[in-house]
Amino acid sequence: MILKSIRLHNIRSYSMQKIDFPIGSVLLAGDIGTGKSTILLAIEFALFGLKAGELSGSALLRHGCREGSVEIQFSIGKKEITAKRTLKRTKDRIGQSAGYIIENSVKTDLMPKELRARILEILNYPSGLISKSQDLIYRFTVYTPQEEMKRIIYENKDSRLDTLRKVFNIDKYKRIKENIIIYSKFLKERKNRLEGKISDLGQKKAKKRQLSEQKKELKGKEDKASESLKAAKEETKAKKIQMAGLEEEIKEFNRRKKEFELLGLELKNIVEKREADRREIAETEQALKKLGDELDKLEDISEINRLYAEKEKSVSEKEKELAAIRNEKSQLSGQSSHIRGQVEKIKSLEKCPLCLQKVPHEHKEKILSKSNCSLEKFRKEFDNLAKKEKKLDEQVMDLKKGLKEISEKVADQKALQLKKENQVEKEKRLNFLRQGLDSSKKRIAEINSKKIELNRAIEGSQTEKRYSEQKECYERLLQAERKAELEKNSLSKELEVLDKHYKEIEEEIKEKEESEKQLKKIKGLVNWIEERFIKLVTNIEKHVMLTVYHEFNGLFRQWCSMLIEDENLNVRLDDTFSVIVEQDGYDTAVENLSGGEKTSIALAYRLALNKVINDVVSQIKTKDILILDEPTEGFSTAQLDRVRDVIDELNVRQILIVSHETKIESFVDSIIRISKAEGMSEVA
C-alpha cells in the first residue's frame, strides 16, 4: 500500500485541506498542536471508520460544523483506490453516514461497516486477526501512537502475551486448547450419561430370558385354543347347511304373514278413509247450498266498470276546472297586491322622482280614485270565482263519493265471482268423493276374501316351529364358537403384547450394547486428549512462540544497539516478551531510564514488531508503508543522528514521520509543513 493523498473537510482544526504524499521518507513538520497527529487519525478513520473507545465522531468533527468528511487515495500494486467516509451531527450524537469506494474508476456506495469490510479485504488482513473495535495488524505494523507502544511494554506479561498472540495469529493454539477442554468436558458428561444408561444392562438381559420362557408357554396355550376353535367352526358350519333347507319354507311363511299384516293395515286405512270422505261429502253439500244463496246477488261487472270510468272522467274534468279557477284567483290576488303597493307609495309621495317638482294633491287624488276602482273590480271578479270554486268543490266531492260506492260494489262482485269459481271446484270434489266410496267398497270385499285365504294357510303350517328349534340349536353352537374364538384371540393378544415387550427389551439391549461400544471409544478419546493432544498443542505453541521470540528479540536488540550507544546498557527480551535492562551488570527497570532511552526502547520494540508481523503474516498489503508518531521524543542530538541510519536500514517504500524536531528535516526525502493560525490548520 502506498498513500497518495488525503482530503479533509471539517476535521478537527482543518476546514478544507488536501495533502499529497510522495514516495520515500516524508516528515510532517510543525509546532506542537498545529494538527500533525490529526492527519494520522484521519488516515485511520478513512480506512477503518470510528472505533468505540478509541476514535469517536466528536473527537474528529470540527466544533460547530454539522458535517465533515475524509477522502483517502492510495494504491496497491497497479490498483488505484479512493475511499471516502462522512460524519454527520444529529440531535444527540455524531455518527457516520454512507460513504463510497472507487476501485479502478468504478464507484460503489457503501454503508460504514460495508466500507470497512471491503478495505480489510483489499488490504488482505486475516479475518481471524480483526476484532470489532481494534485493527491490530494496522495498529502494530503501520501506525502505533508512541504512548500506546510504551503501554504494551509496561503492561503485565499476561495481557502483553495475549495481545502478541493475537497479532502473530498464535492465539489460535490457546483457542484450540480452550475448545478441546470444552470438548473434553462434553465427552466426560456424555461418558457419565452412557455409564448411567448401561448400568442396568445385566438386568435387561435377565428380563429378556424370562420373557422368552413366557412366550414359549403362551404359544402352547394359543395352539390348543386354535384347535378348539377349528372344531367349533366345523360343527357350526354343518348345522348351518342343515338349516339352509328350511330357509325357503320360512321365507314363504314370513311372506304370507307379512302380506296378511299389510292387508289388515290397508283395510283399516280404507275404512278410515271412507268415514272421512262421508264427512267431507256432507260438509261439501252444505257449503254448496249456502253458496247458491249468495250467488243470487251476482251481477254483470262490465256495466259497473263502465259507470266507474264515466264518473272517474267527470272527476278529472271538474278538478281541471278547479285548478284553472284557483290559478285565476292567484293572478287577481297578485294584481291587487301590486295596486295596493302603488297606492301606498303615491300617498307618501311629495315630489316627482323625474322632474323633482311637488306633486299636486288633486293629481294624487285622481290616481288614487282610479286605483280604488281597479281594486273594486278585482274584488268582484275574485268573489265570483270563489263562488264557482265552492260549487265545483261540492260537485267533485259528490262524484268521489259515488266513485267510492261503485268501487265497493266492484269489490263485492269480485268476491262473489271467486265464490262462483269455488262452487265449481266443490262440485267436482263432491263427484270425486262419491266415486271413491264406490271403489273402496269393492276393495274392502277383495281384502276380506284374501285375508281369509292367508289365515287358513298360516294357521295350518308347522314350518315356523321347526325353524325355531333348528335356529336355537344353531345359536348355541355359534355361541360356543364365539367363546372359543374369544379365548384364542385373548391368548393371541396376550402373546402379541408379550412379543412387543420382548422386542422392546431386545431393542433396549441392542442400544445399550451400542452405548457400551461408544463408551469404550469415548474413554479412549478422553484419555488421548488429556494425555497427548493438549500436550502436543502446548508444545507446538511453545515452538512457534519461541521461533517468533528469537526473531523478535534479535531485531529488538539490533534496533536498540543502533539507537542507544551505551556500552554499559544491555537490553533484551525475556520469553514473555518483557523488556529486560542490564546497566553496569545489574538489572534495572525501564522506568529508571532517561526519557530518550525509554523512547528508543519503545521505537525499537515498535520496529521489531513491525518486521516480525510482516514476516509471519506475509499476505498483508501494508508492508510498504510505516507511520511513526513523535518517535524521537526526548532524544539527544546524537540519538537524532542515529535516526537517519534507522530510516535507511528500514528499507520501506513510504515512511511518514510526525515530529517537531527540525534536525530530522535534514535526512528525509520530503517535508510537509503544517501551520495553524486563528484555530485553523493548513499545509504551507
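Residues are numbered from 1 along each chain as its sequence is written, and side-chain values use heavy atoms, with hydrogens and water left out. Because the model is predicted, local features need pLDDT of at least 70 and side-chain atom pairs count only at pLDDT 80 or more, while totals for chains, interfaces and linings use all residues.

An open sheet is built from 6 strands in the order 2-1-4-5-6-7, with antiparallel pairing. Its edge strands, strand 2 (14-20) and strand 7 (106-110), each pair on one side only. Strands (E, at least two residues) and helices (H or I, at least four) are DSSP runs numbered from the N terminus, and two strands pair if DSSP finds at least two bridges between them. Strand 4 (residues 67-76) and strand 5 (residues 79-89) pair in the antiparallel sense over 10 bridges, and Glu71 stands opposite Lys84 in strand 5. Helix 3 (residues 112-123) packs on the sheet and touches strand 4, strand 5, strand 6 (94-103) and strand 7; contact denotes heavy atoms within 4.5 Å.

The structure holds 42 salt bridges, each defined as a side-chain nitrogen of Lys or Arg within 4 Å of a carboxyl oxygen of Asp or Glu. One of them joins Glu80 to Lys4, with the closest N and O atoms 3.2 Å apart. This pair links distant parts of the chain, Glu80 lying in strand 5 and Lys4 in strand 1 (residues 2-11), 76 residues apart. Burial is assigned by relative accessible area (buried under 20%, exposed over 50%, partly exposed in between; 1.4 Å probe, protein chains only). Glu80 is partly exposed at 33%, and Lys4 is partly exposed at 28%.

A further salt bridge connects Lys177 and Glu541, with the closest N and O atoms 3.0 Å apart. Lys177 belongs to helix 7 and Glu541 to helix 11, 364 residues apart. Lys177 is buried at 19% relative accessible area, as is Glu541 at 6%. Both residues belong to a network of salt bridges that also includes Asp162, Arg165 and Lys174.

On the surface, Tyr183, Phe186, Leu525 and Trp528 form a nonpolar patch with about 360 Å² of accessible area together. Helix 7 (171-197) and helix 11 (463-563) are the elements that give two or more residues to the patch. Patches comprise residues with over 30% relative accessible area and no salt bridge, like charges being joined within 9 Å and nonpolar side chains (Val, Leu, Ile, Met, Phe, Trp, Tyr) within 5 Å. Accessible areas come from the Shrake-Rupley method with a 1.4 Å probe; for residues, only the protein chains shown count as cover.

Note on methods. Axes are lines fitted to C-alpha atoms, for helices over the stretch in contact, and angles run from 0 to 180 degrees between N-to-C directions.
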